[in-house]
Amino acid sequence: MNRKLILTVLVIGIFAEMHTYANGEKANDTEVIAKIDQAIKNPLGHFQNNKEYEDFVEQLELIKILPAENADQKEKFYKNFQKYNNRRLELERNIECRAKELEKEIHTSAISVDCIRFYYNQKIKIEAALTDTNAQKERSLLENSEPCPASVVDVDESDSYYDSYYDDYDY
Ligand SMILES: *[C@@H]1O[C@H](CO)[C@@H](O)[C@H](O)[C@H]1NC(C)=O
């Protein structure tokens with residue numbers, strides 16, 4: 001199946017589900033289309049190279065051109081997109097905030113080369129999540145929120161450190 005066909009099947013699936021929950025509200029097709037166009041024309045944040053965002057936009061474009069009697073479903077899909085998009089922008093702000101904190105740690109607060117490396121790796125990983133799915137953004141925020149662990153801070157080259165380290169293994 002080509003990509004367009006897959007998306008069409010997906011959209012029909014979404015519509016079938018939405019019909020189940022139809023609650024009698026009446027949307028104005030012209031107004032829904034205007035809102036969809038507005039959203040597509042004014043993308044915000046790190047939308048470029050974001051596969052999840054691009055899929056939403058493709059689906060919006062397919063839904064937009066369906067007959068006017070589907071206005072209610074168009075409205076619901078648009079609202080679902082807005083919910084996704086607002087969450088995406090919120091997560092992007094949280095990621096940028098954490099990346100700034102990490103930048104500060106790297107340059108002013110990190111107390112060892114190992115901690116600098118620890119925070120630098122977090123920064124690389126969390127910034128890569130800016131164009132990931134929302135679920136992956138959430139995961140990355142959790143995974144890259146840890147302070148430099150004591151085991152890293154305390155690393156020194158004293159004999160006792162190496163002794164205890166090698167004591168854990170049988171050679
Ligand atoms: C839908 O909205 C447009 C633009 O606001 C308006 O001109 C039109 O009369 C509305 N149609 C209905 C059926 O309310």
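This is a predicted model: local features need pLDDT of at least 70, side-chain atom pairs count only at pLDDT 80 or more; totals for chains, interfaces and linings use all residues.
View 1. K35 counts as buried because it has 20 C-beta neighbours inside 10 Å. Its place is in helix 2.

**View 2. The protein chain as a whole.** The protein chain contains eight helices and zero strands. Read from the N terminus on, its elements follow the order α-α-α-α-α-α-α-α. Of the 171 residues in the protein chain, 18% are buried. Taking contacts between residues at least 6 apart in sequence, 73% join residues at least 24 apart.

View 3. Helix 2 is made of 13 residues, and the reach from its first C-alpha to its last is 18 Å, close to the 18 Å expected at 1.5 Å a residue. Which residues of helix 2 are buried? They are V32, K35 and I36. Seen down the axis of helix 2, the buried residues fall within an arc of 100 degrees, so they line one face of the helix. Exposed residues sit on the other side of helix 2, namely T30, E31, A34, Q38 and K41. As for partners, the buried residues of helix 2 pack against helix 3 and helix 4.

**View 4. Helix 3 and its buried face.** Helix 3 has 14 residues, which should span 20 Å at 1.5 Å a residue, and the 20 Å between its end C-alpha atoms agrees with this. Its buried residues are Y53, F56, L60 and I63. Why do these buried residues line one face of helix 3? Seen down the helix axis, they fall within an arc of 90 degrees, so a single face holds them. K51 and E54 are exposed on the other side of helix 3.

**View 5. The largest nonpolar core.** Eight residues form this core: V32, I36, Y53, F56, L60, I63, F77 and F81. Two or more of them come from each of helix 2 (29–41), helix 3 (51–64) and helix 4 (71–109). Which helix gives the most to the core? Helix 3 does, with four residues. As a general background, nonpolar side chains in soluble globular proteins tend to be buried together.

**View 6. N49 and its backbone angle.** N49 is found in the loop between helix 2 and helix 3. N49 has a positive phi of about 65 degrees, although it is not a glycine. Most residues other than glycine have a negative phi. Is N49 buried or exposed? N49 is exposed, because 10 other C-beta atoms lie within 10 Å.

View 7. A71 belongs to helix 4. With 19 C-beta neighbours inside 10 Å, A71 counts as partly exposed, since being buried takes 20 or more. Which residues does A71 touch, not counting those up to four places away in sequence? They are A27, N28, D29 and V32. The C-alpha atoms of A71 and T30 are separated by 8.5 Å, while the two residues are 41 residues apart along the chain.

**View 8. S140 in helix 6.** S140 lies in helix 6, which covers residues 134–143. Because S140 has 22 C-beta neighbours inside 10 Å, it counts as buried. Leaving aside neighbours within four places in sequence, S140 is in contact with K125, I126, A129 and D132. From C-alpha to C-alpha, S140 and I95 are 8.6 Å apart in space, and they are 45 residues apart in sequence.

**View 9. Confidence along the chain.** The mean pLDDT of the protein chain is 83, and 73% of its residues reach 70 or more. Which elements have the lowest and the highest mean pLDDT? Helix 8 (residues 159–167) has the lowest, at 38, and helix 6 has the highest, at 98. The pLDDT is below 50 over residues 155–171, and this stretch has two contacts in the model beyond near neighbours in sequence.

Conventions. Residues are numbered from 1 along each chain as its sequence is written. A nonpolar core is a set of buried Ala, Val, Leu, Ile, Met, Phe, Trp, Tyr and Cys residues joined through C-beta atoms within 7 Å. A residue is buried if 20 or more other C-beta atoms lie within 10 Å of its own, exposed if 12 or fewer, and partly exposed in between; C-beta atoms are placed from the backbone. Two residues are in contact if their C-beta atoms, placed from the backbone, lie within 7 Å. The expected span of a helix is 1.5 Å times one less than its number of residues. The arc is that of the directions from the helix axis to the C-beta atoms. pLDDT is the predictor's confidence in each residue, from 0 to 100.
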